[in-house]
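Welcome! Let us take a friendly tour of a few places in this protein. Please have a look at the sequence and the structure before reading on.

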Amino acid sequence: MKRHLFVTFGRQALGEAVAARRIAEDLAREGDQIVCLAPREHAPALAGAGFKVGIITPVAARCLDAVVRDTLRAERCDSLCLADLTAMALTCDVSGIPVPAFLPAGVSVVGIDLWEVRDADRRYDVHGRAARIDAAILDVPAMRPVPVVRPTAPGAYDALPPPAPPAERAAVRAEMGLSADGPIVLLPTSAWQNVPPAHAAVAAVPALLTEYVAAAGVTLAHVGPAPLPGGGPGYMWIPPLASAQYRRLLAACDALLTLNLTQMSVGAAIADGVPVIGVVSTLSPDAARPGPLLRAWASGVPPLPPFYAWPIGFREFLRPALDGNPLLDAIATCELLDEDALVGTLRRVVRDPGEALARQARYAAMVRALPRPAAAYRRLSG
């Protein structure tokens, strides 16, 4: 039996915590012991995990490297997992703690690389501004979860969760205040997606998306820290849920709609047999294919910057991880600025999901052939 310390970074995003939890739970099933340090904001993603979770307070965050070293000694840990490497590097930029301070001697260190950051050449594009991530993270042996990264990436492992236990669809919908039988798509967002962006077109994306969903005759159930602006009829906001509750809701919906192709919910939906519709924006204004809704929306905003992850962009950062990635063949990927295609996809997928589910099932079979999380972790940690 070994003992492992998992540390999650990035207060506003839950993906790092979800990825860490899945690896930790797989190790725990094999008899290892897990300790975790996480920001308070990650508590919903770690609730009910079955291992000890210590909260990183704002005071502790200022000397987190020392807290990590003290915890490693006190818990007699054999390894340290950093979730994820990019979030850690960005945390170091803000705190002034150097990346090597999180690479203590005498213990195996493993990182989770959600983005294939080496292939992205450490370019990090956010709201049109480019930054470089500290090259020191490239020295850390890294696990790369599929989805989202390519199955051929070094350190790739099966990151699909086990299918959620079956739940009575009508009962779950009633519990959440949703229609018992009408088509419903689930849109999850994280705290970092609720920060009002300065660019007017970026800020107006939710209003356009909710109009598309309404035009398709579908109810939009949105799980996130705050309601989206311009929700309109057929929109329902649900505050953040604990992991088990969220999976029950996901399985009770007709599709997952995401504005972030790297969202951990994509893997959960594939595992649970829920069709995924990913919305991106890569078309130039001249190449847009507007209908009446898009035409009216575009008349009041400046040109929309490209994004793979709304609202921050990540077009260049994610391009290497997504180029040639079979995930994009498995899910329905739609351009926000192609009105007819997106509305048509919404209608088709929720009413006749067979083709979408077949594509996702083929992808899932390929992913399940990859190493399981615990095996991938032990390969790197020794």
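## A word on handedness

A crossing is left-handed if the near helix is turned anticlockwise from the far one by less than a right angle, and right-handed if clockwise. Please keep in mind that the model is predicted.

## Helices H8 and H14

With that in mind, H8 passes H14 in a right-handed crossing. Helix H8 covers residues 205-215 and helix H14 covers residues 339-351. Their axes come within 9 Å and cross at roughly 55°, so H8 and H14 are oblique to each other.

Which residues in H8 meet H14? On the H8 side they are Leu209, Tyr212, Val213 and Ala215, and their partners in H14 are Glu339, Leu342, Val343, Leu346 and Arg347. This contact of H8 with H14 brings together seven nonpolar and two charged residues, with no polar ones.

## Helices H1 and H16

Helix H1 (residues 15-29) packs with helix H16 (residues 373-381) at an angle of about 90°, and their axes are 8 Å apart. H1 and H16 are therefore roughly perpendicular to each other.

Here Arg22, Ile23, Asp26 and Leu27 of H1 meet Pro373, Ala374, Tyr377 and Arg378 of H16. The contact of H1 with H16 has five nonpolar and three charged residues, and no polar ones.

## The second largest pocket

The second largest pocket has a volume of about 220 Å³. Its lining is made of 18 residues, and those nearest the centre are His127, Gly128, Pro305, Pro311 and Ile312.

How does the lining of the second largest pocket divide by class, and how many residues are nonpolar, polar and charged? There are 11 nonpolar, four polar and three charged residues.

Terms used
Residues numbered from 1 in each chain as written. Predicted model: local features only at pLDDT ≥ 70, side-chain atom pairs only at ≥ 80, totals over all residues. Heavy atoms only, no water. Axes fitted to C-alpha atoms, helices over the stretch in contact; angles between N-to-C directions. Helix = DSSP H or I, 4+ residues; strand = E, 2+ residues; numbered from the N terminus. Parallel < 35°, antiparallel > 145°, perpendicular 65-115°, else oblique. Contact = heavy atoms within 4.5 Å. Nonpolar A, V, L, I, M, F, W, Y, C, P; charged D, E, K, R; others polar. 1 Å grid on protein atoms, 1.4 Å probe; cavity = no way out; pocket = protein on both sides within 12 Å on 5 of 7 lines; lining within 4 Å. Points joined across faces, edges and corners; volume = space filled by probe spheres on them.
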